[in-house]
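Q: Could you walk me through how to read a few features of a model like this one? I'd like the general idea and then the case at hand.

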Amino acid sequence: MNAAAMTRHDIYNKLDGLSEKDLAFIADFVDFIRHQQNIKPKKILKLQGILKNHAIDFSDLKSFKTQTWQHVEEELGDA
């Protein structure tokens, strides 16, 4: 896992247990930094209704989740 991904993970873990007020303050600070660096927010793509009338096999998603976390655990174990 690269350094930026590890830093993001570390920041995410540090947010646990903070109050709603503190989280709002941090979100505002991140917005301020992004504005200073002229970083555009990612566009949100709404998928509501796209999969209507389609059969979805959730077993594939469960398998994908298991494989993904296994990969992450292997990379963190090697660090």
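A: Gladly; what should we begin with?

Q: What span should the 17 residues of helix 2 have, and what distance separates its end C-alpha atoms?

A: A word on the source: this is a predicted model, in which local features need pLDDT of at least 70 and side-chain atom pairs count only at pLDDT 80 or more, while totals for chains, interfaces and linings use all residues. Residues are numbered from 1 along each chain as its sequence is written, and side-chain values use heavy atoms, leaving out hydrogens and water. Helices are DSSP runs (H or I, at least four residues), numbered from the N terminus. The expected span is 1.5 Å times one less than the number of residues. For helix 2 that gives 24 Å, and the end C-alpha atoms are 24 Å apart, so the two agree.

Q: What follows helix 2?

A: N38 comes after it, with a positive phi near 55°, in a residue other than glycine. N38 sits in the loop between helix 2 and helix 3 (58–78). Relative accessible area sorts residues into buried (under 20%), exposed (over 50%) and partly exposed in between, with a 1.4 Å probe and protein chains only. N38 has 56% relative accessibility, so it counts as exposed.

Q: How many salt bridges does a search of the whole structure find?

A: A salt bridge is a side-chain nitrogen of Lys or Arg within 4 Å of a carboxyl oxygen of Asp or Glu. The search finds one: K14 pairs with D10, their closest N and O atoms 3.4 Å apart. K14, at 58% relative accessibility, counts as exposed, whereas D10, at 38%, counts as partly exposed.

Q: Which residues line the largest pocket?

A: Rolling a probe the size of a water molecule over the atoms shows where empty space is left. On a 1 Å grid over the protein atoms alone, a pocket is an open set of points where a 1.4 Å probe fits, with protein on both sides within 12 Å along at least five of seven lines; lining residues have an atom within 4 Å of a point. Here the lining is R8, I11, L15, L23, I26, A27, F29, V30, I33, R34 and I39. Helix 1 and helix 2 are the elements that give two or more residues to this lining, and helix 2 supplies the largest share, seven residues.
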